[in-house]
Amino acid sequence: MEYKNIIIREALTQDIKQIQVVRNAVKENTLSNPALVSDADCEEFINVRGKGWVCEIDGTITGFSIVDMKDKNIWALFLHPDFEKRGIGRRLHDVMMDWYFSQTRENVWLGTAPGTRAETFYRMSGWKEVGTHGKGEIKFEMDFDTWMRLKAENV
């Protein structure tokens with residue numbers, strides 16, 4: 001299906017309810033308990049600790065990304081399963097990474113479950129595996145120079 005009204009924009013507090021719908025709809029990297037990520041957590045990450053972006057199609061949020069400047073971490077990048085494989089994740093990732101590296105040159109990291117499409121996405125996006133995190137997640141890092149080189153190669 002082709003969508004005409006795809007908008008990538010900064011996440012707002014009023015988007016949190018739809019962000020939570022997307023977060024709880026995912027098939028991989030699911031939350032063991034949805035209450036672990038509260039609306040207040042989302043609000044803190046998009047308004048205090050960092051910044052977030054949403055993909056909106058015809059008024060509905062279909063994906064989001066959030067970066068945490070305090071811990072230099074990608075806190076979230078999720079798409080509703082009905083909207084996967086359309087380049088939305090790439091667009092959310094790239095706008096988030098561009099903004100992050102416009103704020104700092106410090107490395108940024110993330111964790112994701114092994115054997116997932118997310119793991120493949122991050123590897124193909126130039127992230128470097130640096131170890132493990134949490135409960136067996138793969139820890140990836142991206143540095144400023146690598147991001148700038150990748151952007152130049154893809155222009």
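User: What should I know about the model first?
Analyst: It's predicted, so local features need pLDDT of at least 70 and side-chain atom pairs pLDDT 80 or more, while totals for chains, interfaces and linings use all residues. Residues are numbered from 1 along each chain as its sequence is written, and side-chain values use heavy atoms, without hydrogens or water.

User: Why is Glu 119 called buried?
Analyst: Buried means under 20% relative accessible area with a 1.4 Å probe, protein chains only (over 50% is exposed, in between partly exposed). Glu 119 comes in at 14%, so it counts as buried. Its contacts (heavy atoms within 4.5 Å) include Pro 114, Ile 138 and Phe 140.

User: What makes H3 and H5 oblique?
Analyst: Their axes, lines fitted to C-alpha atoms over the stretch in contact, with angles from 0 to 180 degrees between N-to-C directions, cross at roughly 130 degrees and come within 11 Å. Under 35 degrees is roughly parallel, over 145 roughly antiparallel, 65 to 115 roughly perpendicular, and the rest oblique. H3 and H5 are therefore oblique to each other.

User: Which residues of H3 and H5 meet?
Analyst: His 93, Asp 94, Met 97, Asp 98 and Phe 101 in H3 meet Phe 144, Trp 147, Met 148 and Lys 151 in H5.

Terms used. Helices (H or I, at least four residues) and strands (E, at least two) are DSSP runs, numbered from the N terminus. Lists of a residue's contacts leave out its neighbours within four places in sequence.
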